[in-house]
Amino acid sequence: MDLNMHLPTLLVTSIMINLLIGGMLWAIYHLRHRERCFLLWALACLTFVAGTALAVVNEITEAPGLMQFTVHLALGGSPLLLLAGIHALMQLPMAGTRGSSRFLYGASLLYLFGLVVSTGWDPVAARFLTALFSALVFSLAIYRLAYIERKPRLPLRILQTLFGIHGTLMMAQVLVIAVSVTGSAPLDLHGLLKLILVNHLLLVSATAMALPLLAFTRAEQALVALAERDGLTQLFNRRAFYREGNLAFEKAREDRSLITVLMIDLDHFKQINDRWGHATGDEVLRIVANLMKAELRDDDIIGRVGGEEFAAVLRNNNREAIEAVTGRLLQRIVEAGREVDGVPVHLSASIGGASLALEHAAFSDVMASADRALYQAKDNGRNRAEFVTASAAAKY
Ligand SMILES: Nc1nc2c(ncn2[C@@H]2O[C@H](COP(=O)(O)OP(=O)(O)OP(=O)(O)O)[C@@H](O)[C@H]2O)c(=O)[nH]1
């Protein structure tokens, strides 16, 4: 398994690259207001450096068992710190309630116990345990990444692939050691070490680039959500709703398809606030938002466009279907208002609807038509829906 490479050169290169990457992650940690995942990833690199440097000293001098124990502790602890960084990024405690966390703790304790027993008298067994433990930690990292919320696809796939290769290499090492121990083939430890170091160099560099990419993509997604979503209901805010509505309008014009805009305004909402308090009013807004999400389709655009005013763009122009949806929504709003926070808030809403018509030159024209229909619904006694027909829209 001789890779024909100078082992000391490989070791020094590995140490230098890990130091550089660790330093870069450390700097990002400080630049990003001490985001803990970067500190843990920097420590993973530095722990690996410490492990490799001690391994060199270990090779040169006849080091005592304690030194060998420390080498393996550092080399096994490095992927563990990487996993801890992923937990920190996902804001998951290392001691989660999931079975996998208990499994990790159990495996770590067994690994420690195995190291204590094997180092000093059987360095090959210690190597075997470290490789097995690292493979296990990489597998857990792949599993954890699958549960990340707001999935940033590309960095996630890259990292899972890298961890997969890393874990497979560690398992290959486990197998090589097992085969050599059973006597089927002599173990070329230097060749093995070179192979691991070369792969580690490539993998650690790629991983170090993919980890910040994952963190930055997630942070950007969070910022976009903050800028586009209404904090109370998580629906589109007014600006994002108009942007999405404009896009839907343009597309409908291009495809010669039709869209319908609904404006939904809660009736006498001020009285709910005045009588039951602002917190109950907020809860009512959240309930209505959830009812809209439940009643409308996934590809419909829903937004909170004012205090107690919601709007939706439906990619549907079938009047019967839309009247059925609005009827159901009005009924569910009344039902929900029978008890909110333990009090009867007597809730109802008025809806104004307008479908795209030739008269509409822009999305805001359809919104204006729906708004006029809404006023009509309020004038006609509230808790009802009114629609503007295409020909009626032309009158406005
Ligand atoms: N709790 C809560 N109330 C809000 C929020 N935004 C706006 N409001 C309240 O919504 C109420 C809107 O009152 P009005 O515009 O008079 O409308 P209304 O009482 O619903 O009457 P109609 O629309 O004519 O049926 C005001 O009392 C605002 O304070 C919010 O985020 N939370």
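Below, each term is set beside its definition.

Modeller: This is a predicted model, where local features need pLDDT of at least 70, side-chain atom pairs count only at pLDDT 80 or more, and totals for chains, interfaces and linings use all residues. Residues are numbered from 1 along each chain as its sequence is written.

Colleague: What makes strand S1 largely enclosed by the rest of the structure?

Modeller: A residue is buried if 20 or more other C-beta atoms, placed from the backbone, lie within 10 Å of its own, exposed if 12 or fewer, and partly exposed in between. A strand is a DSSP run of E, at least two residues, numbered from the N terminus, while a helix is a run of H or I, at least four. In S1 (residues 260-266), 7 of the 7 residues are buried, so the strand is largely enclosed. Thr260, Leu262, Ile264 and Leu266 are buried on one side, and Val261, Met263 and Asp265 on the other.

Colleague: How do you know that S1 pairs with strand S4?

Modeller: Pairing requires that DSSP finds at least two bridges between the strands. S1 and S4 (residues 349-355) have 7, in the antiparallel sense, so they pair. Leu262, for one, stands opposite Gly353.

Colleague: Which residues touch the most other members of the largest nonpolar core?

Modeller: Trp41 and Cys45, in a core of 51 residues. Such a core is a set of buried Ala, Val, Leu, Ile, Met, Phe, Trp, Tyr and Cys residues joined through C-beta atoms within 7 Å. Helix H2 gives the most to this core, with 13 residues.
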